[in-house]
Each structure stands twice: as C-alpha cells, then as structure tokens.
Amino acid sequence: LEFRRVLFRSLTPNNDGLNDKWIILHPFNINVATKIFKCWGQLIYTNNNYNNDLDGRATNTNQYLPSGSYFYQVELVNKTTGLKTVRRGPLLLKRDN
C-alpha cells in the first residue's frame, strides 16, 4: 500500500470551503482509522472508520481545538487482503483569530 501524498497536513476550519476538514484520500477498499494527539501525547481525537469528517473538534469533549501543532496516526487497512499500513506525522490546525 502506498499512501505518501494523500494525507493533507493542515486544517483551517473557518468555513471558507478550503481545508475546513482534514482530508485523507484513499481507495474505496481501504478502512481508515485515525488518532490525533496534542504535542505532549494526549489523545484528543479518535475515529476507527474515518470519513474525512474532522472539523477541528476533539472527540472526547466535542470542543473546538485551538490553533496549534498536533500529531496524527493513521492506520490504513485493505478490506480485502488485511494488509495494514500506519502513517504518523504533524498536523497543523490554524484558526482565524
């Protein structure tokens, strides 16, 4: 599985239609599980069947997250073969102040 350029690394949830949600492009036969962490490792978002719906809110509080640097972990699983790929990296969330 090769997913190098399909994880967008920024989120600007300001309702301008650009980067308002975190987008992960993937084939239809891939299940995507996501986790987002604060810079010190606190888990703030998790979704085992991600459908490009992260809009800058934490799943544990439903509160809007402040602008800042976060880290993601994405697990991509081929529904047919079971082959799993894990990607980790930075995610920048920027809000208009």
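## A salt bridge and the sheet around it

Lys 84 and Glu 75 form a salt bridge in which the closest N and O atoms are 3.8 Å apart. The term salt bridge denotes a side-chain nitrogen of Lys or Arg within 4 Å of a carboxyl oxygen of Asp or Glu. Side chains of opposite charge can pair when their charged atoms come close. Glu 75 is partly exposed, with a relative accessible area of 26%. Here, buried means under 20% relative accessible area, exposed means over 50%, and partly exposed lies in between, with a 1.4 Å probe and protein chains only.

The model is predicted, so that local features need pLDDT of at least 70 and side-chain atom pairs count only at pLDDT 80 or more, while totals for chains, interfaces and linings use all residues. Residues are numbered from 1 along each chain as its sequence is written, and side-chain values use heavy atoms, with hydrogens and water left out.

A search of the whole structure finds 2 salt bridges. The side chains of Asp 55 and Arg 57 also meet in a salt bridge, at 2.5 Å from N to O. Asp 55 is buried at 18% relative accessible area, whereas Arg 57 counts as partly exposed at 26%.

### The chain and its sheet

The chain has 0 helices and 5 strands. These elements are DSSP runs numbered from the N terminus: helices are H or I with at least four residues, and strands are E with at least two. The radius of gyration of the chain is 13 Å, close to the 13 Å that the globule rule gives for 97 residues, so the chain is as compact as a globular protein of that length. That radius is taken over C-alpha atoms, and the globule rule is 2.2 Å times the number of residues to the power 0.38. Along the principal axes, the C-alpha atoms fill a box of roughly 45 × 30 × 20 Å. Of the 97 residues, 33% count as buried.

The strands form an open sheet of 5 strands in the order β1-β5-β4-β2-β3, with mixed pairing. The edge strands are β1 and β3, each of which pairs on one side only. Two strands pair if DSSP finds at least two bridges between them. The table lists the pairings.

| Strands | Bridges | Direction |
|---|---|---|
| β1 and β5 | 2 bridges | parallel |
| β4 and β5 (residues 84-93) | 10 bridges | antiparallel |
| β2 (residues 30-37) and β4 (residues 68-78) | 8 bridges | antiparallel |
| β2 and β3 (residues 43-47) | 4 bridges | antiparallel |

Individual residues mark these pairings. Ser 10 stands opposite Leu 92 in β5, and the bridge partner of Val 74 in β5 is Arg 87. Phe 37 stands opposite Phe 71 in β4, while Thr 34 stands opposite Asn 47 in β3.

Two hairpins belong to the sheet. In the hairpin of β4 and β5, 5 residues lie between the strands, and Gly 82 in the turn has a positive phi of about 80 degrees. The hairpin of β2 and β3 has 5 residues between its strands, and Gly 41 takes a positive phi near 100 degrees.

Asn 78 has its place in strand β4 and counts as buried at 10% relative accessibility. The side chain of Asn 78 reaches the backbone nitrogen of Thr 81 at 3.0 Å. This is a polar contact, defined as a pair of N or O atoms within 3.5 Å; within protein, one atom must be able to donate a hydrogen and the other to accept it, and residues adjacent in sequence count only if both atoms are side-chain atoms.

### Aromatic pairs

The structure holds 3 aromatic pairs. Trp 22 and Tyr 72 form a tilted pair, with 5.3 Å from centre to centre and 50 degrees between the planes. This pair links distant parts of the chain, since Trp 22 lies in the loop between β1 (10-11) and β2 and Tyr 72 in strand β4, 50 residues apart. Both Trp 22 and Tyr 72 are buried. The ring centres of Tyr 45 and Tyr 50 are 6.3 Å apart with planes at 85 degrees, so the pair is edge-to-face. Rings of Phe, Tyr and Trp (its six-membered ring) pair if their centres lie within 6.5 Å; planes under 30 degrees apart count as stacked, over 60 as edge-to-face and the rest as tilted. Tyr 45 is buried at 5% relative accessibility, and Tyr 50 is buried at 2%. Ring pairs link Trp 22, Tyr 45, Tyr 50 and Tyr 72 into a cluster.
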